[in-house]
Amino acid sequence: MKPRLIFADEREEVVEGLQQEFDGCEEVKAICLPPAQLRRLENLDALYLSLPYAERWGAKPILYKAQVLKTRGKEEGMPPFVIAGGAFHPDQMRDEKYELRQVITSVFDAVETFNRESPEKILTVGFWTEISPLQFNRVSPKEAGQIIREMYEDWIQAAA
Amino acid sequence: MLNVTLYRVVTSSELTDIVVTGEYHLEAGGVEGKHFFQSVDDAVRFARRMFHMRPEEGPYTITSITISVFTLKLFGKLAISGEGMAWFAPEILLPLGPVDVWAYCPWERTYET
């Protein structure tokens with residue numbers, strides 16, 4: 001079973017831009033929600049965080065990969081897991097689209113490996129757009145939505 | 001000797017420890033090391049986002065440390081998507097000090113794109 005992805009932002013225009021591209025794909029959603037509520041969503045199994053945000057759960061400085069780390073769950077107002085990633089070699093030339101693709105791929109890989117090897121499953125992953133490659137400085141919400149949807153559908157097809 | 005300054009954003013519990021010891025320590029609980037930012041702007045942005053995500057933890061405090069470039073070579077350097085350049089001090093380098101605690105939070109700089 002492929003996990004559902006939820007992208008949260010507090011700006012309506014950003015959510016609309018993303019959701020336009022996600023329409024018809026039930027497993028990927030954009031919602032208008034502050035991060036303090038996103039992390040407490042019922043049924044959220046994991047939250048994506050870049051490495052410094054996940055330090056308290058033991059995030060290691062691993063480049064180009066995402067790691068699944070266990071939290072104390074509801075006791076600390078978090079989903080059961082965080083997925084920490086987003087680290088690149090400091091000398092590598094990058095752009096926002098490359099980073100978005102790389103981070104999403106690394107999250108898919110980490111979830112797939114975790115679900116294969118663990119009795120617990122990650123079925124819903126949340127992203128707060130401010131802690132992600134989705135900064136919208138140079139990639140519009142629409143472009144980002146297109147990339148995410150394409151990647152998600154490719155991932156589903158590859159697994160079928 | 002050449003020195004560099006790195007910036008770290010800390011919670012109130014880590015701040016309490018720093019005020020007592022003057023150093024960055026590894027907290028109990030099995031974390032692997034500590035992240036630092038290369039620029040104060042990146043640290044300020046991180047503090048703002050952390051507070052927005054975890055307001056119940058109270059305000060975050062900017063701290064900094066000045067170390068020699070020789071010590072810096074023992075850190076891991078990372079480019080973090082959406083966050084800027086970060087340095088990771090593994091457990092073996094801790095404790096680290098002396099730490100400067102900033103009594104204020106600089107305004108986040110914004111750039112025209």
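Trainee: In which hand does α1(A) pass α4(A), left-handed or right-handed, and how do you know that?

Mentor: In this predicted model, α1(A) passes α4(A) in a right-handed crossing. A crossing is called right-handed if the near helix is turned clockwise from the far one by less than a right angle, and left-handed if anticlockwise. The axes of α1 (residues 12-22) and α4 (residues 141-159) of chain A cross at roughly 35° and come within 8 Å. Axes are lines fitted to C-alpha atoms, for helices over the stretch in contact, with angles from 0 to 180 degrees between N-to-C directions.

Trainee: Which residues make this contact, and what makes it a contact?

Mentor: From α1(A) come A:Val14, A:Gly17, A:Leu18, A:Glu21 and A:Phe22, and those of α4(A) include A:Pro141, A:Ala144 and A:Ile148. They count because they have heavy atoms within 4.5 Å. The residues of this contact comprise six nonpolar, three polar and three charged; Ala, Val, Leu, Ile, Met, Phe, Trp, Tyr, Cys and Pro count as nonpolar, Asp, Glu, Lys and Arg as charged, and the others, Gly among them, as polar.

Mentor: As to conventions, residues are numbered from 1 along each chain as its sequence is written, while chains are lettered from A and ligands numbered from 1 in the order in which they are written. Local features need pLDDT of at least 70, side-chain atom pairs count only at pLDDT 80 or more, totals for chains, interfaces and linings use all residues, and side-chain values use heavy atoms, leaving out hydrogens and water.

Trainee: What makes β3(A) and β7(A) paired strands?

Mentor: Two strands pair if DSSP finds at least two bridges between them. β3 (residues 46-50) and β7 (residues 124-128) of chain A are joined by three bridges and run parallel, so they meet the rule. In one of these bridges, A:Ala46 has A:Val125 as its partner. Strands (E, at least two residues) and helices (H or I, at least four) are DSSP runs, numbered from the N terminus.

Trainee: Why are β2 and β4 of chain A called edge strands?

Mentor: They belong to an open sheet of six strands with mixed pairing, in the order β2-β1-β7-β3-β5-β4. The edge strands β2 (28-32) and β4 (67-70) each pair on one side only. Neighbouring strands of this sheet are turned by 30° against each other on average, direction ignored. Helix α3 (residues 96-117) lies across β1, β3, β4, β5 and β7 of chain A, at about 155° to β7(A).

Trainee: Which strands of chain B form a hairpin?

Mentor: β4(B) and β5(B) do, with three residues between them. These strands pair in the antiparallel sense over five bridges, and B:Leu78 stands opposite B:Ala86. In the turn, B:Gly82 has a positive phi of about 80°.

Trainee: How do you know that B:Arg49 and A:Glu130 form a salt bridge?

Mentor: The rule asks for a side-chain nitrogen of Lys or Arg within 4 Å of a carboxyl oxygen of Asp or Glu. Here the N to O distance is 3.3 Å, so the pair qualifies. Across the interface of chain B and chain A the rule finds six salt bridges.

Trainee: How many residues meet at this interface, and what area is buried?

Mentor: 29 residues of chain B are in contact with 36 residues of chain A. The two chains bury about 2,700 Å² between them, 57% of it on carbon and sulfur atoms. Buried area is the accessible area (1.4 Å probe) that two parts lose on being put together, summed over both.
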